[in-house]
Amino acid sequence: MSTSTALSDRNSSIDNIKAVLIFLVVFGHLIEIYVGEDHVLRSIWIFVYSFHMPMFALMSGMFSKAQWNEKSSSQLISGVLAPLLAFEIIYELTEFALKGSVSVYANLVAPYWMLWYLLSLLCWRLLLPLFARIQFPVMLALALSLVASYSEHAGYFLGVSRTLVFFPYFLLGWQLGQRGLADKKKEKLIFSAVVVLAALIGSFMLKSDFDYRWFYGSYSLHRLEMATLAGSAYQLLQYALSTVIGLSVLYLLAQKNLRLAGIGQRSIYVLVWHGMALIILQESGVLRHIFKLDHGLALLISALVSMAIVWLCAHEKCAAVTKRFILNPMSWLLTAQGNSSKPTTVTPATAETGKKALGQEP
């Protein structure tokens, strides 16, 4: 196999993984408000949240570079900052139109719902050149996360808490690079399958009083009522489990061509638009009707609706319209026009991803 073919296969595999992860984001958000009413839904939701956002951060790190130049800064503006600001405005206007007031996120000076990921990604990429010069960057980021978790000031405000909590995964992804996921070793495959199966079974065995707020990364240890060394130990255990489970899931997904690479390449559009789809479904009462059905049927319909949302948001026409009428104008507005370089045409960074809006957390 030629080098170019191997690289193409690897990139296709990673895009397939992105597609599955963004589906899990949509599915998790769709069922989240109703998980308290169904043990099966709740268990599946816990399993998904145990790894999907950590792995998004990790895969974002895989594609990030520690060097800064004019091209990389322009890409950061057009691919991360532009969609963040554009959709922040869109969602806040939607919130005002529906409720006559700004969202709870605006009151908290925080990014709207799922948009926290873009703000965190912006911060991670800005911090990467600095942390790349440190001998043990992942360990330092982990230490910062553990210390900050004791502070009441690192919650929703500007997404600071989540930026710190998921930063170690981002740095780990940067260190790992894109190697290893496509290896087809029988022992590794068996180990990954056992880990994923055990995690799924474990999710169903958790007690009903399990505090799933740990997965959000936006609550201090004080709010979780574990501001002790035991709380920090619990955090470290969560980091370890999420990493092992998540990498096992990624490895299994990398073994097959799922033919979802196109969706993975345009996952940014799913990230920024799926919230609007869920708001429409919630406000119209469709979601309430779905979860009044038999639990098994509700689960099936939820999965199908999530697939439909992903397909629509990642469609080429949706991407083209979003770029032309939203992202390119915002990118032009943000890019300095007086220098010699031309404004960068938007090529959004693949999102490597409202509690109060729908009773949900991202």
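Visitor: Which residues lie nearest the centre of the largest cavity?
Guide: In this predicted model, Val-165, Trp-214, Gly-217, Gln-235 and Gln-238 lie nearest its centre. They belong to a lining of 20 residues.

Visitor: What volume does that cavity have?
Guide: The volume of the largest cavity is about 210 Å³.

Visitor: Which helices each supply at least two residues of the lining?
Guide: Those are α8, residues 160-176, and α10, residues 229-253.

Visitor: And by class, what is in the lining of the largest cavity?
Guide: Eleven of the lining residues are nonpolar, eight are polar and one is charged.

Visitor: How many charged residues are in the lining of the second largest pocket?
Guide: There are no charged residues in it. The lining has 13 nonpolar and five polar residues.

Visitor: Is Cys-313 buried or exposed?
Guide: Cys-313 is buried, because its relative accessible area is 7% and the cut-off for buried is under 20%.

Visitor: Which other residues in α14 are buried?
Guide: Besides Cys-313, the buried residues in α14 are Ala-298, Ser-302, Ala-303, Ser-306, Ile-309 and Val-310. Together with Cys-313 they cover an arc of only 135° around the axis, so they sit on the same side of α14.

Visitor: What is exposed on the other side of α14?
Guide: Trp-311 and Leu-312 are exposed there.

Visitor: How far apart are the end C-alpha atoms of α14?
Guide: They are 27 Å apart. Helix α14 has 19 residues, 295-313, and at 1.5 Å a residue these should span 27 Å, so the two values agree.

Visitor: Backbone now. What is phi for Val-109?
Guide: Phi of Val-109 is positive, about 55°, although Val-109 is not a glycine. Val-109 is in the loop between α5, residues 104-107, and α6, residues 116-131. With a relative accessible area of 43%, Val-109 is partly exposed.

Visitor: And what about phi of Arg-259?
Guide: Arg-259 is a residue other than glycine with a positive phi, near 60°. Its place is in the loop between α10 and α11, the latter being residues 261-265.

Visitor: Is Arg-259 buried or exposed?
Guide: Arg-259 is exposed, with a relative accessible area of 73%.

Visitor: Last one. Where is Met-226 found?
Guide: Met-226 is in the loop between α9 and α10. At 24% relative accessibility, Met-226 counts as partly exposed.

Visitor: How far apart are Met-226 and Tyr-150 in space?
Guide: Their C-alpha atoms are 9.2 Å apart. In sequence, Met-226 and Tyr-150 are 76 residues apart.

Note on methods. Residues are numbered from 1 along each chain as its sequence is written. This is a predicted model: local features need pLDDT of at least 70, side-chain atom pairs count only at pLDDT 80 or more; totals for chains, interfaces and linings use all residues. Side-chain values use heavy atoms; hydrogens and water are left out. On a 1 Å grid over the protein atoms alone, a cavity is a set of points where a 1.4 Å probe fits but cannot get out, and a pocket is an open set with protein on both sides within 12 Å along at least five of seven lines; lining residues have an atom within 4 Å of a point. Grid points are joined across faces, edges and corners, and a volume is the space filled by probe spheres set on the points. Helices (H or I, at least four residues) and strands (E, at least two) are DSSP runs, numbered from the N terminus. Ala, Val, Leu, Ile, Met, Phe, Trp, Tyr, Cys and Pro count as nonpolar, Asp, Glu, Lys and Arg as charged, and the others, Gly among them, as polar. Buried means under 20% relative accessible area, exposed over 50%, partly exposed in between (1.4 Å probe, protein chains only). The expected span of a helix is 1.5 Å times one less than its number of residues. The arc is that of the directions from the helix axis to the C-beta atoms.
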